[in-house]
Amino acid sequence: MGKVKENPEKIIGVCTGSKCRKYNKEILASLKQFRKDKGNKEKIEVVKTLCLDRCKQAPVVFFQPENRWLTKVQAEEIKRSLEVFTK
Ligand code: FES
């Protein structure tokens with residue numbers, strides 16, 4: 001049996017559906033670097049999702065519990081959002 005994980009305080013959702021996947025390599029790299037830098041101190045979990053049914057706005061990322069959705073998001077915008085999200 002695997003290790004039981006605690007529920008995260010915050011979630012960053014990244015769509016990895018076929019349309020978003022074309023654009024989100026830099027986004028996933030930014031999030032990976034963020035997790036490496038911050039560890040699990042922030043209790044933030046990155047969740048890869050299937051298509052979020054917003055393909056015309058790809059790539060799509062969301063932040064919970066703030067319910068902030070970023071569409072047609074660029075890697076630089078993700079970096080700025082992470083700074084705000086983790087304050
Ligand atoms: S593939 Fe991301 S919203 Fe559809």
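Which side chain meets that of Glu6 in a salt bridge, and at what N to O distance?

A: The side chain of Glu6 meets that of Lys43 in a salt bridge, with 3.6 Å from N to O; the term requires a side-chain nitrogen of Lys or Arg within 4 Å of a carboxyl oxygen of Asp or Glu. The model is predicted, with local features needing pLDDT of at least 70 and side-chain atom pairs counting only at pLDDT 80 or more, while totals for chains, interfaces and linings use all residues. Residues are numbered from 1 along each chain as its sequence is written, and side-chain values use heavy atoms, leaving out hydrogens and water.

The pair joins distant parts of the chain: Glu6 belongs to the segment before E1 and Lys43 to the loop between H2 and E2, 37 residues apart. Helices (H or I, at least four residues) and strands (E, at least two) are DSSP runs numbered from the N terminus. Glu6 is exposed at 62% relative accessible area, whereas Lys43, at 35%, is partly exposed. Buried stands for under 20% relative accessible area, exposed for over 50%, and partly exposed for the range in between, with a 1.4 Å probe and protein chains only.

The whole structure holds 3 salt bridges. One of them brings together the side chains of Lys10 and Glu66, at 3.8 Å from N to O. This pair also links distant parts of the chain, 56 residues apart: Lys10 is in strand E1, and Glu66 is in the loop between E3 and E4. Lys10 is buried at 18% relative accessible area, while Glu66 is partly exposed at 43%. Lys79 and Glu76 form a salt bridge at 3.5 Å, N to O, and these two residues lie within helix H3, 3 residues apart, about one turn of the helix. Lys79 is partly exposed at 41%, as is Glu76 at 47%.

Several of these elements belong to an open sheet of 4 strands, ordered E2-E1-E3-E4 with mixed pairing; two strands pair if DSSP finds at least two bridges between them. E2 and E4 are the edge strands, each pairing on one side only. From one strand to the next, the twist averages 15 degrees. Helix H2 packs on this sheet, touching E1, E2 and E3, and its direction makes about 155 degrees with that of E2. Helix H3 (residues 75-85) also packs on the sheet, touching E1, E2, E3 and E4, at about 5 degrees to the direction of E3. Angles run from 0 to 180 degrees between N-to-C directions, with axes fitted to C-alpha atoms, for helices over the stretch in contact.

Strand E3 (residues 60-64) has 4 of its 5 residues buried. It pairs in the antiparallel sense with E1 (residues 10-15) over 4 bridges, where Val61 is the bridge partner of Val14. E3 is also antiparallel to E4 (residues 68-71), again with 4 bridges, and Val60 stands opposite Thr71 there. The loop between E3 and E4, which carries Glu66, also holds Pro65 and Asn67. Gln64 and Pro65 are joined by a cis peptide bond with omega of about 15 degrees. Asn67 has a positive phi near 60 degrees and is partly exposed at 49% relative accessibility. Most residues other than glycine have a negative phi, and most peptide bonds are trans.

The largest nonpolar core has 13 residues, and among those with the most contacts inside it are Ile12, Val61, Phe63 and Leu82. Such a core is a set of buried Ala, Val, Leu, Ile, Met, Phe, Trp, Tyr and Cys residues joined through side-chain atoms within 4.5 Å. E1, H2, E3 and H3 each give two or more residues to this core. Leaving aside neighbours within four places in sequence, the contacts of Phe63 (heavy atoms within 4.5 Å) include Ile12, Leu70, Leu82 and Phe85. A second, separate core of 6 residues includes Cys15, Cys20, Leu52 and Phe62.
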